[in-house]
Structures are given as C-alpha cells and as structure tokens.
Amino acid sequence: MRRRRRPPAPPEPHLMTYLRTAVWGPAEFVGPPPARLVGKGVLVGAVAASAILGTALLGAWTGVTALARGEAGLAVVAALAVYLVSVGAGRALVGVTALLGVCFALQAPQAAAGMVLAERGQVRSVMVTSVEAARMAGGGDGHYLCAVTNRDGVPLGIRIWRGCDGSIRPGDTIDVVYDPRERVPPRGATGGPGPWRGPARWGAALLAAGATAVVRSYRLPAQSGTV
C-alpha cells in the first residue's frame, strides 16, 4: 500500500513578510504614505531624470561625445540603483527603475539633439539623390528615407526621414535643419513628432518608479527598550 505524501507545509508568516519586504520594500506605514516621504521620492526621481536628460543636452550643445552619446546618463542610472539599494528599496522596484532609466538614457541623446536644433538650428534646402522605403517588422512599408547632398553636391552621410515621403523623387529638394556648429546631425525640417515626446514618457515613468521605490523603502524608527 503506497503511502500518501504529506502536502508541503505552508510558508511561515515571517518568511512571507521577509520576501515581500525584499521584493517590494517594507512600506512600514499605515494608510497613505507621509507627505515628506512622497516629496523625497519625487525629488529623487526628478533629479535622476533631469540628470540623464541634462547630461545628454550638455553633450549635444558642447560636442562632448561621452555626454552626447548617453554614457553619463547610464552612469546616473547606476548611481540611482545603488542609492535605492542603500535605502532598502525592494529589489523588484530597483530593477524596474533601472530598466526604465536605461531606456530613458538611450533615448535622451536623440531628444537632446532635437532640442539643440530647435534652439540654434538653421534651415536649408538639400537635394535628394535616392529614396528608399524602410521596412517594418511585419514586412510592410514604414517610412521613407532620403539620401541627400548639400549645395556643393557633397553627400551628408545620413538619410533623412522627416519630410521624406512617397511623393519625393531623386532630384527634388527638401528642407533640413542643421547645426551651424556641426555638433549634432541634421534632420528633416518638417514632419514627425517633437524630439521630446517619446523620451518624456520614459522620463515620467522613471520618475514614478523611482518615487515608488523610495516611498516603499520606508521603515519605522527602531524603538529603544526601557529597563
């Protein structure tokens, strides 16, 4: 006669509490979190997001390659993750915040370049030498890419998609915005969303995740016993 296996014992309450604390943070407050704690969390998230975009913008404006490519932004993300771990934030929230920070840091250079062109860019006409339809993942046509040359017939070395559509033919001219200091690459003068819309969503998500991690890291002050 086969013996029945006993069902596994349910996890002990203190083990579940430890796992919840380690994964999501202790959050040792009753009701809504204290306003000061929320303010601290928002400040941490805002400083991190501002530093990521600010370093990319500084690099695009001054031409410092390490800043313009977003490497400094990734360093800010690493510093933010270390800070969250040091204050006892939940590991899951640290990971989510770091992932959002990396996504934001990778998009910040394009946004920064667009901001530089919006501030000091100049518009000029360039000649289209070829038009190519970019393929999407599903196999359909996405947008069009135009290879262009400047007024002297020198290829710009990049392909323009803003202002390039199916009606453009080789020999036509389109307008591009270029940086007179040549620190950021030119882009089409018309069409396409603003340079900050996409990165702004990632920045807002980073701020929210960082603030949540800080808020949930709160622990009640230790009570000293009396004899």
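This is a predicted model: local features need pLDDT of at least 70, side-chain atom pairs count only at pLDDT 80 or more; totals for chains, interfaces and linings use all residues.
Analyst: Let's start with a cut-off we'll need: a residue is buried under 20% relative accessible area, exposed over 50%, and partly exposed in between.

User: Happy to. What is the relative accessible area of E28, and which class does that give?

Analyst: E28 has 31%, so it counts as partly exposed. For the chain as a whole, 32% of the 227 residues are buried.

User: Before more residues, how should I read the overall layout? How many helices and strands are there?

Analyst: Count the elements, then follow their order. This chain has six helices and five strands. Reading from the N terminus, the order is α-α-α-α-α-β-β-β-β-β-α. Contacts then tell you how the chain comes back to itself: among those with a separation of 6 or more, 70% join residues 24 or more positions apart.

User: Let's turn to charged pairs. How many salt bridges are there?

Analyst: The idea is to look for a side-chain nitrogen of Lys or Arg within 4 Å of a carboxyl oxygen of Asp or Glu. By that rule there are four salt bridges. One of them pairs R219 with E28, with the closest N and O atoms 3.9 Å apart. R219 sits in the segment after α6 (197-216) and E28 in the loop between α1 (13-24) and α2 (35-62), so this pair ties together parts 191 residues apart in sequence.

User: We have placed E28 already. Is R219 buried or exposed, or something in between?

Analyst: In between: R219 has a relative accessible area of 46%, which makes it partly exposed. E28, at 31%, is partly exposed too.

User: Which residue forms a salt bridge with D179?

Analyst: That is R120, and the closest N and O atoms of the pair are 2.9 Å apart. Here too, distant parts of the chain are linked: D179 is in the loop between β4 (173-178) and β5 (187-188), R120 is in helix α5 (residues 91-120), and 59 residues separate them. Now apply the cut-off. D179 is buried at 2% relative accessible area, and R120 is buried at 13%.

User: Now helix packing. At what angle do α4 and α6 pack?

Analyst: Begin with the angle and the axis distance, then move to the side chains. Helix α4 (residues 71-86) and α6 pack at about 20°, with their axes 10 Å apart. Angles under 35 degrees count as roughly parallel, and α4 and α6 are therefore roughly parallel to each other. Their crossing is left-handed. At the contact, L80, Y83 and L84 of α4 meet L206, G210, A213 and V214 of α6. By class, those residues are six nonpolar, one polar and no charged.

User: How does α2 pack against α6?

Analyst: These two helices pack at about 140°, with axes 7 Å apart, and the crossing is right-handed. Residues of α2 in this contact include L37, V38, K40, G41 and V42. On the α6 side, G203, L206, L207 and G210 are among the partners. Sorted by class, the contact has 12 nonpolar, four polar and one charged.

Key:
Residues are numbered from 1 along each chain as its sequence is written. Side-chain values use heavy atoms; hydrogens and water are left out. Helices (H or I, at least four residues) and strands (E, at least two) are DSSP runs, numbered from the N terminus. Buried means under 20% relative accessible area, exposed over 50%, partly exposed in between (1.4 Å probe, protein chains only). Axes are lines fitted to C-alpha atoms, for helices over the stretch in contact, and angles run from 0 to 180 degrees between N-to-C directions. Angles under 35 degrees count as roughly parallel, over 145 as roughly antiparallel, 65 to 115 as roughly perpendicular and the rest as oblique. A crossing is left-handed if the near helix is turned anticlockwise from the far one by less than a right angle, and right-handed if clockwise. Contact means heavy atoms within 4.5 Å. Ala, Val, Leu, Ile, Met, Phe, Trp, Tyr, Cys and Pro count as nonpolar, Asp, Glu, Lys and Arg as charged, and the others, Gly among them, as polar.
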